[in-house]
Amino acid sequence: MRAPAPAYAADLNEATVEAAHAVLGGALFEAIEAVGEVALHVDRASLVAAMTLLRDTPGLEYQQLMEIAGVDYPERPDRFEVVYCLLSLTRNHRLRVHVQTDEFKPVPSVTGIWPVAGWLEREVYDMYGVLFEGNADLRRILTDYGFVGHPQRKDFPLTGYVELRYSEETKRVAYEPVKLAQDFRTFDFMSPWEGAEYVLPGDEKGLALPEAKGAPTPLKADEIAKADAAQSPKAAPVTPKTTETPAQTGEGRAEPKPKRSRRPKSPDVAPTKGKGQNQ
């Protein structure tokens, strides 16, 4: 690519300014040549007549309307500026026409000269709120149905006024006030190695101190022990269970069970070692 922008005959700028002054007369407020381009500031009420002359006059012949752009200058009485970008195919030259207006004064539509202006004027109306008199279909074209405000105005908030989502409860698109998930204006860019005052996610477990029961104030270990002693009722000492008689074990005998005698059943039988009783 030889040039970053479309190349055209810039040496025709001076002749274009002279021809525009001669043709437009009082409808032309100012003609500015800067950075190789020509900008004509035209009276708003005379816009249609000026555009017709710029298209049909020999030596100018701007046959095509390439773009319509809007600019917002809130400090001006007529805060909006509508910019028309024209192209002359026969002369290989480009031209900008500027018109100023505000929120209430409409700009004459040029759809009768270039039908493509219909959609371009709708874009400027949608983004800036500029009215175009004579446009038969002046509706929003870029924003959603029911959108409030004009996004390209300088006083329009960057986050907008409402946000939309699909609601499963109502089975339709629901509009809600904007809720920011993060407050970007108070974001702390300090590195944690520089001594940040906040606690990183996950570190709160290691840094958290024990708390007393029912109190959110961190306490020391000895204070926690005291708090537990004060709040927990003391249990009665447990007496170890001892049994002295079988009655206490639940067997139901009032006397101890007699011990089994290892003496042989018959006094005449002498027991032998490891083999029981032998006759």
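The model is predicted, so local features need pLDDT of at least 70 and side-chain atom pairs count only at pLDDT 80 or more, while totals for chains, interfaces and linings use all residues. Residues are numbered from 1 along each chain as its sequence is written, and side-chain values use heavy atoms, with hydrogens and water left out.

Helices (H or I, at least four residues) and strands (E, at least two) are DSSP runs, numbered from the N terminus. Two strands pair if DSSP finds at least two bridges between them.

| Strand | Residues |
|---|---|
| β8 | residues 162-167 |
| β9 | residues 172-177 |

These strands run antiparallel and are joined by 6 bridges. Val-173 in β9 is the bridge partner of Tyr-166. The hairpin has 4 residues between its strands, and Lys-171 in the turn has a positive phi of about 60°.

**The buried threonine.** Thr-16 belongs to helix α1, which spans residues 13-24. Thr-16 has a relative accessible area of 0% and is therefore buried (under 20%; exposed is over 50%, partly exposed in between, with a 1.4 Å probe and protein chains only). Leaving aside residues up to four places away in sequence, Thr-16 touches Leu-60, Tyr-62, Arg-91, His-93 and Leu-95, where contact means heavy atoms within 4.5 Å.

The lining of the second largest pocket comprises 3 nonpolar residues, 1 polar residue and 4 charged residues. In this scheme Ala, Val, Leu, Ile, Met, Phe, Trp, Tyr, Cys and Pro count as nonpolar, Asp, Glu, Lys and Arg as charged, and the others, Gly among them, as polar.
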